[in-house]
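Me: I've got a protein to look at and I'm new to this. Can you walk me through it?

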Amino acid sequence: SLQNDSVVAGGGAIEMELSKFLRDYSRTIPGKQQLLIGAYAKALEIIPRQLCDNAGFDATNILNKLRAKHAQVRLGSAG
């Protein structure tokens, strides 16, 4: 049985973290490379979005929660 529903292995968390990292990194680069890296970061978010859609969840709501959790972890206030 499921004891803790806050962590789901394979739930798109890795893709969201990579997307955040790449978005932050792309802001430090000038020119077309910035756009390419930003587009790749956005493309990575398709994976967790599709997982949400397949499970019948509101993908926009879940992705916003994932982004917020990743921002909390980065700031050191995970809980």
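Me: What does the pLDDT average for the protein, and what share of residues score at least 70?
Reply: The average is 82, and 78% of the residues score at least 70. pLDDT is the predictor's confidence in each residue, from 0 to 100. This is a predicted model, so local features need pLDDT of at least 70, side-chain atom pairs count only at 80 or more, and totals for chains, interfaces and linings use all residues. Residues are numbered from 1 along each chain as its sequence is written, and side-chain values use heavy atoms, leaving out hydrogens and water.

Me: Which elements have the lowest and highest mean pLDDT?
Reply: Helix 4 (residues 59–75) has the lowest, 80. Helix 2 has the highest, 95.

Me: Why care about low values?
Reply: Where pLDDT is low, the predicted coordinates should not be read in detail.

Me: OK, how many helices and strands are there?
Reply: Four helices and zero strands. Both are DSSP runs numbered from the N terminus: helices are H or I with at least four residues, strands are E with at least two. Along the sequence the pattern reads α-α-α-α.

Me: How do helix 1 and helix 2 cross?
Reply: Helix 1 (residues 13–26) and helix 2 (residues 32–44) have axes that come within 8 Å and cross at roughly 165°. Axes are lines fitted to C-alpha atoms, for helices over the stretch in contact, and angles run from 0 to 180 degrees between N-to-C directions. So helix 1 is roughly antiparallel to helix 2 (angles over 145 degrees).

Me: Which residues make the contact?
Reply: Helix 1 gives Glu15, Leu18, Ser19, Leu22, Arg23, Tyr25 and Ser26. Helix 2 gives Gln34, Ile37, Gly38, Tyr40, Ala41, Lys42 and Leu44. Contact means heavy atoms within 4.5 Å.

Me: And what about helix 2 and helix 3?
Reply: Their axes come within 4 Å and cross at roughly 20°. That makes helix 2 roughly parallel to helix 3 (angles under 35 degrees). Lys42, Ala43 and Leu44 of helix 2 meet Ile46, Ile47 and Pro48 of helix 3.

Me: Where does Ile47 lie, again?
Reply: In helix 3, residues 46–55. The C-alpha atoms of Ile47 and Met16 are separated by 8.8 Å, though the two are 31 residues apart along the chain.

Me: Why does Ile47 count as partly exposed?
Reply: Because its relative accessibility is 40%. Buried means under 20% relative accessible area, exposed over 50%, and partly exposed in between, with a 1.4 Å probe and protein chains only.

Me: What share of the protein is buried?
Reply: 22% of its 79 residues.

How values were computed:
Angles under 35 degrees count as roughly parallel, over 145 as roughly antiparallel, 65 to 115 as roughly perpendicular and the rest as oblique.
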